[in-house]
Amino acid sequence: MMPIQPNDVAEQFTKRFGRGPQYVVRAPGRVNLIGDHTDYNDGFVLPMAIDRAIWIALQPRDDRRIVLHSIEYDQTRELHLDGFAKDTFEWIEYVKAMAWSMQRAGYLLTGFEGVLLGDVPLGAGLASSAAMELATGRALAAAGNLEWEPIPMAKLAQRAEKEWIGVNCGIMDQLVVACGQAGHAALIDCRSLAIQPVPFPPGVAVAVLDTGTRRGLVDSAYNERRMQCESVADFFKVNALRDVSIELFQQLAHGLDDASRCRATHVITENERTLQFAAAMERCETHAFRVLMEKSHNSLCDDFEVSSEALDAIVACALSQEACYGARMTGPGFGGSAVALIQADKAEEFVEHTTTAYQEKTGNQPAVYVCHASDGADVVEGW
């Protein structure tokens, strides 16, 4: 499936409202190359925004109402910015969450009517939630002629996710969705929010390996893992696991229960792997990718216990292909997607063979596709 183009969503708006939209906005999904479950531990991550996105075509209104139609769900939902509440959980809750967060921060919002269209797979570990939040933020900023500040908006989207949606997430997804740069991954320090663009080595492509399995995050093991990490940080009397060196951990880890020790082992070693991986990308050392990604996947499987049979299977199928530099699960885990770095000139062969091998191994229908690093959330020009 080809990525959605801006004219696609503009045409849907015209069909529904009988005139063209004033704005078309987009917010990309993301895939994390390495560094999972480190963001809420103030650590390092290496994601990239991808060329799959949530799109909104819109026209401002003067009555402070949002009227939004989802093409995917064939549903129209309305809310008034002067008063709305949590309801049965569905896609509109992310719109409410971002509007609530922005108004809490003092933004005077303007309503709009629009259509929503996306090709970020839901629940696949590709930050569809953050893309929805930042697309909403971009739409509200455009409708109200508000200044767009990517990092502050990412923080507001994180607040929306934590306090309205109920997922106690880190900042990675929202930050890279807001601040992504085409052709680059983003080495993010999740404490300082410093972002270092990391260019892709020539001839290297990124493949998303969607297992076709899904997981939930609200009231799930995700929040449990975060609490376990915070408990270990308390044990070491530090603000976050980012502050625990490998040497200190090895000296005192015997005082932890088995589960806590395993969780911390992953986070502390994953931070080191992430920095090493970014350096390898900058030096075009593709031979280092496989070792670091394999260690990351095994740690997420054995120490953090967030992998699954489907994720393990699709990673193994990818690694069996000659064109693969390395592969690992990506995102929160418990289902969803893996990521592989591959030889760009053998991408078609890699996709075909990995898809077939995974189908034969599991009986599941995967979605394996090559994606490209894109810019963060923006208002599209010239559509």
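My entries follow, one topic at a time.

**Ground rules**

I am working on a predicted model, so I keep to its thresholds: local features need pLDDT of at least 70, side-chain atom pairs count only at pLDDT 80 or more, and totals for chains, interfaces and linings use all residues. I number residues from 1 along each chain as its sequence is written, and my side-chain values use heavy atoms, with hydrogens and water left out.

Helices and strands are DSSP runs numbered from the N terminus (helices H or I, at least four residues; strands E, at least two).

**Helix pair α2 and α3**

I looked up α2 (residues 92-104) against α3 (residues 128-143): their axes come within 9 Å and cross at roughly 55°. That makes α2 oblique to α3. For the angle classes I use under 35 degrees as roughly parallel, over 145 as roughly antiparallel, 65 to 115 as roughly perpendicular, and the rest as oblique. The axes are lines fitted to C-alpha atoms, for helices over the stretch in contact, and the angles run from 0 to 180 degrees between N-to-C directions.

The crossing of α2 and α3 is right-handed. Right-handed here has the near helix turned clockwise from the far one, and left-handed has it turned anticlockwise, by less than a right angle.

Which residues of α2 and α3 meet? On the α2 side I list Tyr94, Val95, Met98, Ala99 and Met102, and on the α3 side Ser129, Met132, Glu133, Thr136, Gly137 and Leu140. Contact means heavy atoms within 4.5 Å. I sort the residues of this contact into seven nonpolar, three polar and one charged. In that sorting, Ala, Val, Leu, Ile, Met, Phe, Trp, Tyr, Cys and Pro are nonpolar, Asp, Glu, Lys and Arg are charged, and the others, Gly among them, are polar.

**Helix pair α4 and α5**

Next I took α4 (residues 150-165) and α5 (residues 172-179), whose axes come within 8 Å and cross at roughly 145°. This crossing is right-handed. Pro150, Ile151, Ala154, Ala157, Gln158 and Glu161 of α4 meet Gln174, Leu175, Ala178 and Cys179 of α5.

**Salt bridges**

How many salt bridges does a search of the whole structure find? I get 22. My criterion is a side-chain nitrogen of Lys or Arg within 4 Å of a carboxyl oxygen of Asp or Glu.

I picked out Asp42 with Arg191, where the closest N and O atoms are 3.1 Å apart. Asp42 sits in the loop between β1 (23-34) and β2 (44-60) and Arg191 in the loop between β6 (184-189) and β7 (195-199), so the pair ties together parts that are 149 residues apart in sequence. Asp42 is partly exposed at 22% relative accessible area, and Arg191 is partly exposed at 36%.

Back in α4, I found Arg159 and Glu163 four residues apart, about one turn of the helix. Their side chains form a salt bridge at 3.4 Å, N to O. Arg159 is partly exposed at 24%, and Glu163 is partly exposed at 46%.

In α8 (residues 258-282), Glu270 and Arg273 are three residues apart, again about one turn of the helix. Their salt bridge is 2.9 Å, N to O. Are these two buried or exposed? Glu270 is buried, with a relative accessible area of 0%, and Arg273 is buried at 8%.

I also noted a network of salt bridges that links Arg19, Arg61, Asp63 and Glu113.

**Positive phi**

Asp74 has phi near 50°, a positive value in a residue other than glycine. Asp74 lies in the loop between β3 (65-70) and β4 (75-80) and is exposed at 61%.

Glu305 is not a glycine either, and its phi is positive at about 55°. I place Glu305 in the loop between α9 and α10 (309-319), partly exposed at 44%.

**Arg290**

Last stop: Arg290, in α9 (residues 287-302). Arg290 is partly exposed at 34%. Not counting residues up to four places away in sequence, Arg290 touches Leu319, Cys324, Tyr325 and Gly326. I also checked Ala240, 50 residues from Arg290 along the chain: the C-alpha atoms of the two are separated by 28 Å.

Key
Buried < 20%, exposed > 50% of the residue type's maximum accessible area, 1.4 Å probe, protein only.
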